[in-house]
Amino acid sequence: FTYMIGRPELADNKILVLGMSLIIIWLLSFASMKGMEFGKYFTSAGSLGSTIPTICLIVMAFLAIVVLKKAPSASVYTVPKLNANSLVAISGITFAYTGAELTANFCSEMKNPQKDYPRAIMIAAAVVCILYVVGSVAMTMLLPTSKIFAYTGTLDALVVACDLLNVPQFFVQVIALGITLSILGALVLYISQPTKMLFGQAEQGVFPEKLTENNEHGIPEKAILMQAVLVSVLLAGVAL
């Protein structure tokens, strides 16, 4: 969001980050109570918000470094060797697929889950694999690995690409909007799925009845509210 408004330095303002985090958590908590019939709009926008920026990064990086040769590559590439040290990278690759398991709890809301869900997972896995690998190459073309940070790496690399291609920095702000939407789409799932799985489908008597009671959308909304309160307290404790 701070990149989107052209003020990336505000990301270091703890009070601003805390305030925005609390607003987003509560807004998305209420949105998640409507079930995936409503939440799908967040996740659909989120999928485009993560895919399109990565594609833009790939195209601009290869155009600037490989085609137009505006600058040398920031990294040197070699053929990887399979040994004990390189196996550590598997954990990073596995991390790219985290989140897919959250969708399993919503299979029942699909029209044809036996056919559509496996197909969706395989398509998503292939898309993630391609974009993750090629996107990582594109990013390291523009930035040395020592300057790549988990949450701003894509935007930082796009800033460099825009400078090399003389593209207005406003483009980065538009991309930042897309990434913001992708995070919101992911958060809707992270908020509703674990709570629905833990409280909404627990056997009667395991948890208090008020927590396990589902609303008309099949979501235990009182548990969602309790979760939002706990998250708010933890966020405030860390920030302050």
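Visitor: Is L68 buried, partly exposed or exposed, and what is its relative accessible area?
Guide: This is a predicted model, and in it L68 sits in the loop between α2 (36-67) and α3 (89-95). Buried would mean under 20% and exposed over 50%. L68 falls in between, so it counts as partly exposed, with a relative accessible area of 44%.

Visitor: On to T140: is it buried or exposed?
Guide: You'll find T140 in helix α4 (residues 113-142). Its relative accessibility is 14%, and the cut-off for buried is under 20%. So T140 counts as buried.

Visitor: Which side chain does the side chain of T140 join in a polar contact?
Guide: T140 also has a polar side-chain atom 3.0 Å from a backbone oxygen, that of V137. The side-chain to side-chain contact spans 2.8 Å, and the partner is Y77.

Visitor: Within what arc do the buried residues of α1 fall?
Guide: Helix α1 covers residues 14-32, and its buried residues are L18, I25, L28, S29, A31 and S32. Look down the helix axis and they line one face, because they fall within an arc of 160°.

Visitor: Which residue caps the N-terminal end of α1?
Guide: Look for a side-chain oxygen 3.1 Å from the backbone nitrogen of I15. That oxygen belongs to the capping residue, N13.

How values were computed
Residues are numbered from 1 along each chain as its sequence is written. This is a predicted model: local features need pLDDT of at least 70, side-chain atom pairs count only at pLDDT 80 or more; totals for chains, interfaces and linings use all residues. Side-chain values use heavy atoms; hydrogens and water are left out. Helices (H or I, at least four residues) and strands (E, at least two) are DSSP runs, numbered from the N terminus. The expected span of a helix is 1.5 Å times one less than its number of residues. Buried means under 20% relative accessible area, exposed over 50%, partly exposed in between (1.4 Å probe, protein chains only). The arc is that of the directions from the helix axis to the C-beta atoms. A polar contact is a pair of N or O atoms within 3.5 Å; within protein, one must be able to donate a hydrogen and the other to accept it, and residues adjacent in sequence count only if both atoms are side-chain atoms.
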